[in-house]
Amino acid sequence: MVGALLTIIFLGVPPFYFIDNIAAMVPNRVEYVLSDGQRIVGSYCHSECELTGLASLCNILGVPNLKSLNLLVFSYEGGGTFKIAVFDKSMLEIPVHVNVHQNVSNSHAFRILVHQSHMLEYCHGVAISKDFRNVTDLWLTQDSFIAYSDNRCWRFEIKKRRDWTRTEIHGGWIQFRDDMQLGIGDVCVFQFKNDTLHNFNVRVIKKIHITS
């Protein structure tokens, strides 16, 4: 069984054994499988030897960040799949349950409310709210994604600030804005396309203008 042969356990940064012997076989797109069967889409950055995309786990457990947890055990099963077990300070495994109130669509999407600054001739960046870190944490410091609407598509360049507290679109926005004829108050909804990290379906919810 390939999965059994490749199974390792680590906490935090992958150990040298994993990096030296197994990391090369891990695809860029990975999945984390929780004890209740839930799957979280993530990524593995080979240049940084870093796993990303665990913000959704914090949302599921109701904790502000991973530092709030005592121990995370990752077991690599092969094929880009990691099983995750969470332990408290008494070293007892914390059961993970599906939050029936969680909006699944929101966990795989982000929204941008169009502001006046986004309509300038030279827009210097469109910030993605920290509310959508479960999506933005999947991206590298400098990355890109493609958004699709009907038979059209746009490529967006994204950058993260050095403190990783803010993610911004720095390329592609102006062309998208003009093509979609956006206005102040419109909402752009970007939804994962086929659970991929860099392809999104996009739709625009136009602001409703009420006239007396």
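Reply: Here it is. One term is needed from the start: a contact means heavy atoms within 4.5 Å. By that criterion, Val202 touches Ala147, Tyr148, Ser149, Trp154, Phe176, Val189 and Phe190, leaving aside residues up to four places away in sequence. Please keep in mind that this is a predicted model.

Me: Where does Val202 lie, and is Val202 buried or exposed?

Reply: Val202 belongs to strand S13. Its relative accessible area is 6%, and because buried means under 20%, Val202 counts as buried. In sequence, Val202 and Trp154 are 48 residues apart, while their C-alpha atoms are 9.9 Å apart in space.

Me: Ser149 was among those contacts. What does Ser149 touch?

Reply: Beyond residues up to four places away in sequence, Ser149 touches Trp154, Met180 and Val202. Ser149 is found in strand S9 and is buried, at 11% relative accessibility.

Me: And Met180, where is that?

Reply: Met180 is in the loop between H6 and S12. With a relative accessible area of 16%, Met180 is buried. Its contacts, again not counting residues up to four places away in sequence, are Ser149, Arg152, Trp154, Val204 and Lys206.

Me: Let me step back. How many helices and strands are there in the protein chain?

Reply: The protein chain has six helices and 13 strands. Of its 212 residues, 42% are buried. The chain exposes about 12,500 Å², and carbon and sulfur atoms supply 53% of that area. Among contacts between residues at least 6 apart in sequence, 50% join residues at least 24 apart.

Me: What about the largest nonpolar core: how many residues, and which have the most contacts inside it?

Reply: The largest nonpolar core has 27 residues, and those with the most contacts inside it are Phe110, Phe145, Phe156, Ile169, Trp173, Phe176 and Phe190. At least two residues of this core come from each of strand S7 (109-113), strand S8 (126-128), strand S9 (142-149), strand S10 (152-160), helix H6 (173-179), strand S12 (187-192) and strand S13 (199-205). A second, separate core has 22 residues, among them Leu34, Leu57, Ile60 and Leu69.

Me: On to aromatics. How many aromatic pairs are there?

Reply: The count comes to 19 aromatic pairs. In one of them, Phe74 and Phe82 are arranged edge-to-face, 6.5 Å centre to centre with 80° between the planes. Phe74 is buried at a relative accessible area of 4%, and Phe82 is buried at 0%.

Me: Which residues form one aromatic cluster?

Reply: One aromatic cluster is formed by Phe110, Trp139, Phe145, Trp154, Phe156, Trp173, Phe176, Phe190, Phe192 and Phe200. As for a charge over a ring, the charged end of Lys193 sits over the ring of Tyr148, 5.1 Å from its centre.

Me: Back to Phe82 for a moment. Which residues does Glu31 touch?

Reply: Phe82 is one of them: apart from residues up to four places away in sequence, Glu31 touches Arg39, Ile40, Gly80, Thr81 and Phe82. Glu31 is found in strand S2 (residues 29-33) and counts as buried, at 18% relative accessibility.

Me: How many disulfides are in the whole structure?

Reply: The search finds zero disulfides. Cys45 is buried, with a relative accessible area of 8%, and Cys123 also counts as buried, at 17%.

Me: Last topic, backbone angles. What is the phi of Asp150, and what is that of Gln181?

Reply: Asp150 has a positive phi of about 55°, and Gln181 has a positive phi of about 50°. Neither residue is a glycine. Most residues other than glycine have a negative phi.

Me: Where are Asp150 and Gln181, and are they buried or exposed?

Reply: Asp150 is in the loop between S9 and S10 and is exposed, at 74% relative accessibility. Gln181 lies in the loop between H6 and S12 and is exposed as well, at 64%.

Notes
Residues numbered from 1 in each chain as written. Predicted model: local features only at pLDDT ≥ 70, side-chain atom pairs only at ≥ 80, totals over all residues. Heavy atoms only, no water. Phe/Tyr/Trp six-rings, centres within 6.5 Å; stacked < 30°, edge-to-face > 60°. Buried < 20%, exposed > 50% of the residue type's maximum accessible area, 1.4 Å probe, protein only. Lys NZ or Arg CZ within 6 Å of the ring centre and 35° of its normal. Helix = DSSP H or I, 4+ residues; strand = E, 2+ residues; numbered from the N terminus. Areas by Shrake-Rupley, 256 points an atom, 1.4 Å probe, with all protein chains shown as cover. Core = buried A, V, L, I, M, F, W, Y, C linked by side-chain atoms within 4.5 Å. Disulfide = S-S within 2.5 Å.
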